[in-house]
Amino acid sequence: MYDALIIGGGPAGLYAAYCLAKAGRRVAVFEEHPEIGTPVHCTGLVATECFTRFELPTQANQAMLRRARFHAPGGHVLAVASDQDETVVLDRAAFDRALAEQAQAAGAELFAGHRVEALRRLRKRLVARTVTGTGIERLVSGHLGILATGASYGLHRGLGLQVPTRFVYGAQVEVVFEATAEVEVCFGNEVAPGSFAWVVPFTRHGVTMAKIGVLASREAPQYLARFLESPLVASRVRPGWMGPYQRRPIPVWPLAETVGDRLLVIGDAAGLAKPTTGGGVYYSLLSAELAADTACRALAAGDGSAKALRRYQTDWRAALGSEIRAGALFRTVASHLSDAQIDEAFQLITGEPMAGLIRDHASFNWHKELILALWRSAAMRGFLWRALMRRGGRMIGALRPSMNGYPGVKLPDERAATD
Ligand SMILES: Cc1cc2nc3c(=O)[nH]c(=O)nc-3n(C[C@H](O)[C@H](O)[C@H](O)COP(=O)(O)OP(=O)(O)OC[C@H]3O[C@@H](n4cnc5c(N)ncnc54)[C@H](O)[C@@H]3O)c2cc1C
């Protein structure tokens, strides 16, 4: 019998497997696709902080980026440059494969091409029914299970778990592109309603390419097709190979319960992604590490009850809870702005004192401090008040869940994200 069965071979599942195997635990990872890392549905933009905070392989890093241009719907462009390498573009397929190798080297067993069809609690065990692409079925037992299925929620209900209810939708394609070192981020309701579109350059086998993507509150592939035809993109795409459209929902609000008897839920499966940008790799790795730590303690104590595993939920809420709430609040407000209001916000943030606030508080992974700093500034509060007056009713209704926090959790119980 395994100590832990991990369902899902993405960053969350593979990093949890690595942490548990490194601690001497017997772990099995089940990934439904025959090859780890494919199909890819991620741009792979992460902060360099990932590599200092976690034990990660570096061979999948495709590019380091220091410059970005933010485009307002009315044409205003805000150029931002950093004198440090803060952002890495990962080859997500290679990154996942390298994570798998790292977990296997630590002792984890990996079963690619094995889909977990059902997961049941049976007395003091958890039993998974797996099936291969050729239809071979197998029953596997473990003391604990870690659900790391990404934005696939087919197993949740059978285990008495809820599924996330708030999503944004991502679509992306890789193209051959002119040589550039700049990320482009475009806003506007005609470009990416409720979110943004992007161009992220990278190089593969000496060929300059870009990941062109859209995050939107609806119909992301349609908006991506339009973005590809926009002058900013179309004139710079080079003839040659174009990858398939990759599309996926991203949860932007976590599950109220991320533990159950013998069960921990991590990464996108737990609804853990940044509500502001939809970036989920950092939260996946962090939740994996915290879940593995709790799992090790529970296994040592021989207690896999939900009560014993609740420590994981307390830990991720302490680390991310207030970040997620601030981010969700920001997303709700930003996604209700008209194009004219986005233009007005751009004007505001390019002038002082707002530009200074952004310089002082902007961080790739941690957004709460900047959101709070903006909120405290009189100019931004005036802007928001005017926006609320114009689009008030819908915005206030949508704000309610982010302001209330998670069911049963009060704000003062949570430490700041950076504690
Ligand atoms: C277009 C797009 C761009 C993105 N760009 C970024 C970015 O630049 N930076 C960033 O940080 N985040 C980004 N994200 C989000 C990021 O991809 C996810 O947050 C991250 O992949 C979550 O990791 P995970 O391990 O939880 O889930 P996943 O990476 O989705 O892995 C889950 C795995 O579980 C497997 N699985 C599911 N069900 C079963 C089952 N029943 N049995 C066996 N295996 C199963 C799946 O096949 C999958 O391999 C992007 C998302 C999209 C859609």
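In this predicted model, the shell around the ligand takes at least three residues from domain 1 (2–60 + 92–165 + 255–320) and at least three from domain 2 (167–250). The shell counts 35 residues, and the closest to the ligand are Glu31, Leu45, Arg92, Asp268 and Val281.

Which helices and strands take part? Each of the following supplies at least two residues of the shell: helix 1 (11–22), strand 2 (27–31), strand 9 (114–122), strand 12 (167–177), strand 17 (246–251) and helix 6 (281–301). Sorted by class, the shell holds 17 polar residues, 12 nonpolar ones and six charged ones.

| Protein residue | Protein atom | Ligand atom | Distance |
|---|---|---|---|
| Proline 11 | polar backbone atom | oxygen | 3.3 Å |
| Glutamate 32 | polar side-chain atom | oxygen | 3.0 Å |
| Glycine 280 | backbone N or O atom | nitrogen | 3.0 Å |

How much of the ligand does the protein bury? Taken alone, the ligand exposes 1,000 Å², and 94% of that is buried by the protein.

Now for a pocket. The second largest pocket holds about 260 Å³ of space. Its lining is made up of 15 residues, and those nearest the centre of the pocket are Cys186, Phe187, Val191, Phe227 and Ser230. Both helix 4 (220–229) and helix 5 (231–234) supply at least two residues of this lining. Helix 4 gives the largest share, with three residues. By class, nine residues of the lining of the second largest pocket are nonpolar, three are polar and three are charged.

Rolling a probe the size of a water molecule over the atoms shows where empty space is left. How many cavities of 30 Å³ or more does a search of the whole structure find? The search finds one. The largest cavity has a volume of about 30 Å³, and the residues that line this cavity are Leu14, Ala17, Val29, Ala100, Ala103, Gln104, Ala108, Glu109 and Leu110.

Helix 1, helix 3 (92–105) and strand 8 (109–112) each bring at least two residues to the lining of the largest cavity. Of these elements, helix 3 provides the largest share, three residues. Seven residues of this lining are nonpolar, one is polar and one is charged.

Conventions:
Residues numbered from 1 in each chain as written. Predicted model: local features only at pLDDT ≥ 70, side-chain atom pairs only at ≥ 80, totals over all residues. Heavy atoms only, no water. 1 Å grid on protein atoms, 1.4 Å probe; cavity = no way out; pocket = protein on both sides within 12 Å on 5 of 7 lines; lining within 4 Å. Points joined across faces, edges and corners; volume = space filled by probe spheres on them. Helix = DSSP H or I, 4+ residues; strand = E, 2+ residues; numbered from the N terminus. Nonpolar A, V, L, I, M, F, W, Y, C, P; charged D, E, K, R; others polar. Near = heavy atom within 4 Å. Polar contact = N/O pair within 3.5 Å; in protein donor to acceptor, adjacent residues only side chain to side chain. Areas by Shrake-Rupley, 256 points an atom, 1.4 Å probe, with all protein chains shown as cover. Domains from an automatic or database assignment.
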